[in-house]
Amino acid sequence: MIGEAVAFYVLAAITLASGVVVATSPNLMHSAIALVPTLLGVTGIYILLNAEFVAGIQVLIYAGGITVLILFVIMLTEGGTGLRVRQRNEQVAIAAAVSAAVAALFIALAGRTPWAQGAGTLPSYTPGAIGQNFLGPNLLLFEGTSVVLLVTLVGAILIARKEAGE
Amino acid sequence: MLLDWAYVAIFAIVGAGMVSLPFAIIALLSPRSSYPHKRETYESGMQPIGQAWAQFNVRYYLFSLVFVVFEVEVIYLYPWAVVARSLGPSAFYSIVIFLVILTLGLVYAWRKGALEWA
Amino acid sequence: MPWYVEALRAVVGTIVIFSAVAVVAAMFGVLLERKVSGWIQSRIGPTHVGPRGLLQTLADTIKLLQKEHVVPGNADPAIFASAVVIVPLAALLDYVVVPFGTTRWGPLVFRDLNIGVLYFAATSSLIVVGILMAGWGSNNKYALLGGLRSAAQMVSYEIPIGLVLITVALLAGSLSTVTIVTVQSHLWFIASQPVSFLIFLAAATAEVNRAPFDLVEAESELVAGYFSEYTGMRFALFQLGEYGEMFAMAALAVTLFLGGWHGPVLPSVVWFLIKLYALIFVFMWVRWTFPRFRIDQLLNFSWKFLIPLALLNLVVTAFFVMVVRR
């Protein structure tokens, strides 16, 4: 229990700190590469929730695929030169005030919600259980996903090729 | 199961330490002398011309894009593979439909030249 | 067991695996490569250092350790430095799920994860990010181009590997590497899945940037590709990453197709090593036999040949598993 709590705090710290770098770094490449520890922190949190399969997928797709995609995109544009983007404008003070207010609101809400303490064990997130679910009750969802992927692929290729002037 | 991953975390941390160990040795052992020419990048023995970055072709992006879509397809196949033996023939046809739809995507990408390097 | 004993086991296991891989894969593997290439080219490899040249790589490592650390002027120091750690670390993380043998207390594996092969695929995909960082962080046109091409190549070959892993998981009914090996106690999967084995070998060769798919590292093309600007020990660490990944892929092939540690008389670890080195020899043999592919031939080979073939193989296997032999 203590180990899990410590692990959670460490992972949360890593995720948040890297997230701050992603959001505020003036160097686009640093920003993109800081995405990797952020995603790995989230992976750790998935593991703490007993969702090993989802954690594996997170690393495979996000850290291994999406990060590469984003890095390619950045290198295609001017960001690849390491150019520094201006991160602040004249409205920093107001933005900070609004952010603090919204954060206080969320924290108050989270504190007041009666989070249901589940009795019993978590549902099983093993690949076997997920597979049974996909090919059983949620079959239409599964097939629908393949259509969504097809549409994504077609759309992205169309847009990319139009940009390239084909 | 969490214990498994604690082991993996320790592996990663200790591993990172061990991989960084040679640098400590280098800091002790290696000579150090710095003059301006040493900091130039390598370009077959001549002065580097222009910036290190040039406008790269969109084909790199297209390859990684098609990769992400197919990798998502592959991860949908992992849970199915684990339980496939215990499901019936109807599940087989469901998977065939899934794979056919995605093969259509591959054919589209092929025909539209997204997989060409030229 | 109390937590400090578990932690100690983990740390000791890590040190053992890292040292073993560093010595066996990087040092011994490089020496083996030079010897094998020598034999294939009708010459002897290194013979001076140590008995029959066995200490050659040790000498090279000591030499590399005292090389000066040269960083190119405009290189990004943070990214330049972290890439050196990420590539070998991701390659070595692969070894967590490799079962080296079996003892009377259970299988000899660092940790038998439930998502074994998925974990292996995931850590292999982390190497690509490290390579892109190395290529970009060097502030060198050749390194960047090499890094981009290398990333495109590795990313293209991850899909055939994933499809082959799924096919084997289909036959074994589990993603755990230990289960996959145990299921092969009577018949190795290479007999029932020869096509998958060949696809895996081809894709693994490309994934590790080895010849004939080593366009991105060929000296005549791009100097040394993404690690052109790395000197001394950094270069050695990238080599550790590359050879470590090659050995990991070979170890996975042994686990998936050649029955892991099964074998009649000798202890299980010995059988594993014999099969591993047989595959490594095949990798090296292929390297010194075939000419290099062009980048477009390389990518076409993956997308237009290997992936359709792997998909077809998967459907046929699924047909037999799900419809015919229930």
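pLDDT is the predictor's confidence in each residue, on a scale from 0 to 100. The model shown here is a predicted one: local features need a pLDDT of at least 70, side-chain atom pairs count only at pLDDT 80 or more, and totals for chains, interfaces and linings use all residues. Residues are numbered from 1 along each chain as its sequence is written, and chains are lettered from A and ligands numbered from 1 in the order in which they are written.

**View 1. Confidence along chain A.** Chain A has an average pLDDT of 85, and 92% of its residues score at least 70. Helices here are DSSP runs (H or I, at least four residues), numbered from the N terminus.

**View 2. The two domains of chain A.** Domain 1 covers 1-87 and domain 2 covers 126-166; these bounds come from an automatic or database domain assignment. Taken over C-alpha atoms, the centres of the two domains are 23 Å apart.

**View 3. Where chain A meets chain B.** Here 42 residues of chain A are in contact with 40 residues of chain B (in contact: C-beta atoms, placed from the backbone, lie within 7 Å). On the chain A side, α1 (2-24), α4 (52-76), α6 (127-134) and α7 (139-163) give two or more residues each. The top contributor is α7(A), with 16 residues. By type, this side of chain A splits into 26 nonpolar, 11 polar and 5 charged residues (nonpolar: Ala, Val, Leu, Ile, Met, Phe, Trp, Tyr, Cys and Pro; charged: Asp, Glu, Lys and Arg; polar: the others, Gly among them).

**View 4. Where chain C meets chain B.** Chain C brings 64 residues to this contact and chain B brings 56. In chain C, α1 (3-40), α3 (77-93), α5 (141-172), α10 (232-257) and α12 each supply at least two residues. The chain C side counts 41 nonpolar, 14 polar and 9 charged residues.

**View 5. A helix pair inside chain C.** The axes of α8 (residues 194-207) and α12 (residues 295-324) of chain C come within 11 Å and cross at roughly 150° (axes are lines fitted to C-alpha atoms, for helices over the stretch in contact, with angles from 0 to 180 degrees between N-to-C directions). That makes α8(C) roughly antiparallel to α12(C) (an angle over 145 degrees). Among the residues touching are C:Ile199 and C:Ala203 of α8(C), and C:Leu306 and C:Asn313 of α12(C). This contact has 9 nonpolar, 3 polar and no charged residues.

Terms used:
Angles under 35 degrees count as roughly parallel, over 145 as roughly antiparallel, 65 to 115 as roughly perpendicular and the rest as oblique. Two residues are in contact if their C-beta atoms, placed from the backbone, lie within 7 Å.
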